[in-house]
Amino acid sequence: MNLWKKFDANFKKNAPAIAFYINGRSYSYNEFSEYIAGSQQLLLKNIGQSTGIPVGVICNDAIETFAAIFAIWFSGGCFVPLHPLHPAAANNEKIRQSGLKFIFNSEKDQSIGLLAECIYNKGAKSDIPVAISQSQNIAYILFTSGSTGKPKGVPINVKNLGAFVEGFLEIYPDLTSKDRFLQTYDLTSDAAFTGYLIPLLLGATVFTLPAGGFKYLSIVRILQEQQITWIQFTPSVLNYLSPYFKSIRVESLKHSHFGGEALPFDLVSEWAECVPNAEISNIYGPTETTITCTIHRTNCDQLKQKVHNGIVSIGKPLKKVKTLIVGENDQIVADGEKGELCIGGEQVMEGYLTYQNPFFVQEGSDDRYYRSGDLVVCDQEGFLMYCGRKDDQLKISGYRVEPAEIEFAVGQAA
């Protein structure tokens, strides 16, 4: 059974259960399927057979956004997320690179100035059963910061995505339909996929953050009010929350995940006291390697056992991920020595849309590895310790940012 059929089968199996809780309103799996069918009918009307065709989605906090994503996937198309608050010029660059002709949107005025036709799907529902494609084409295209000043398109195919899902669920077999996931990331970030793909495959409930207000305090309020059991956010969120740690206590939380930035041990150990029943997971994964490729899952007492220079370990590779640590001339470093982390296996993309691909082939094999640019050390038990970057790339709220891209944008505006 392909990945999309697994989702569809699970939606039917859990039809009366709550799939989403968005802006104070709940949506059952059955109702979500009707929204998917409504968007799929709009796809057929505007595009016809959409297998392999990229389709954009303006990613609002709305059930229609998630419905459009799955309608594209179920139809064999490729999902390209666009941020509703980003300048038209930035979104148009993504439209140009990915060849978008059509964009789903639940708010008409957000499509002004974009170089693609809008498919307005606000309230679109249908009782016609969805059709599930057998396509194993590209599932989505995300854009990362580019050293040339322009974003790089990263196409991730269905095989890559399926390998991630399989590897993630192997590490967390205890997740069930009773879990309550809080999705905290912008839907244009690859970190957001975990917060809705995994729960929807389990029959669990996805809670989203309301628009407006102070985001970080909204996280705490929803954690406490909705008895959330799973959450993931960047370590920088802890910096905003740290003044309130003494007043935060969330006993329902079982899984507290961090990713997108280095995780300081001192800060997360303070947070662990706020969530006494939660395990701590530190995850790592460049966009090119499909969401997450290494995970360190542990409890608070064991957390300090895997710390390097005050930073928590990024763990070990997922099931279908391979890693190498290389030094000069791509030679594998000796045990305990620092080098660049290179990532191979089924989760790694085939190549960028328009840029030279940062791969090398391991000598003596056909294995292809992505150069992450991140420096690591591996301990005797196989745990990877993050040691910084080879270059001057920055991580801001989980997004990779090249200084050259900032310079390019400033130059364009001057």
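Guide: Quick word first: two strands pair if DSSP finds at least two bridges between them. Strands (E, at least two residues) are DSSP runs, numbered from the N terminus, as are helices (H or I, at least four). This is a predicted model, where local features need pLDDT of at least 70, side-chain atom pairs need 80 or more, and totals for chains, interfaces and linings use all residues. Residues are numbered from 1 along each chain as its sequence is written, and side-chain values use heavy atoms, leaving out hydrogens and water.

Visitor: Okay, which residue in the turn between β1 and β2 has a positive phi?

Guide: Start with the two strands: β1 covers residues 18-22 and β2 covers 25-28, and they pair antiparallel over four bridges. Together they make a hairpin, with two residues between them. One of those turn residues has a phi of about 50°, and that's N23.

Visitor: And which residue of β2 is the bridge partner of F20?

Guide: We're still in the antiparallel pair of β1 and β2. Look across from F20 into β2 and you land on Y27.

Visitor: What about β10: which of its residues is the bridge partner of Y21?

Guide: β1 is also joined to β10, residues 205-208, by two bridges. This time the strands run parallel. Follow Y21 over to β10 and its partner is F207.

Visitor: Is T290 buried or exposed?

Guide: Find T290 in the loop between β13 (279-284) and β14 (294-298). Its phi is positive, about 70°, even though it isn't a glycine. Most residues other than glycine have a negative phi. Buried means under 20% relative accessible area, exposed over 50%, and partly exposed in between (1.4 Å probe, protein chains only). T290 has 0% relative accessibility, so the word for it is buried.

Visitor: Then how about N329, buried or exposed?

Guide: N329 belongs to the loop between β18 (321-326) and β19 (339-345). N329 isn't a glycine either, and its phi is positive, near 60°. Because its relative accessible area is 68%, N329 counts as exposed.

Visitor: Why does T229 count as buried?

Guide: T229 is in the loop between α7 (215-225) and β11 (230-233). It counts as buried because of its relative accessible area, which is 9%.
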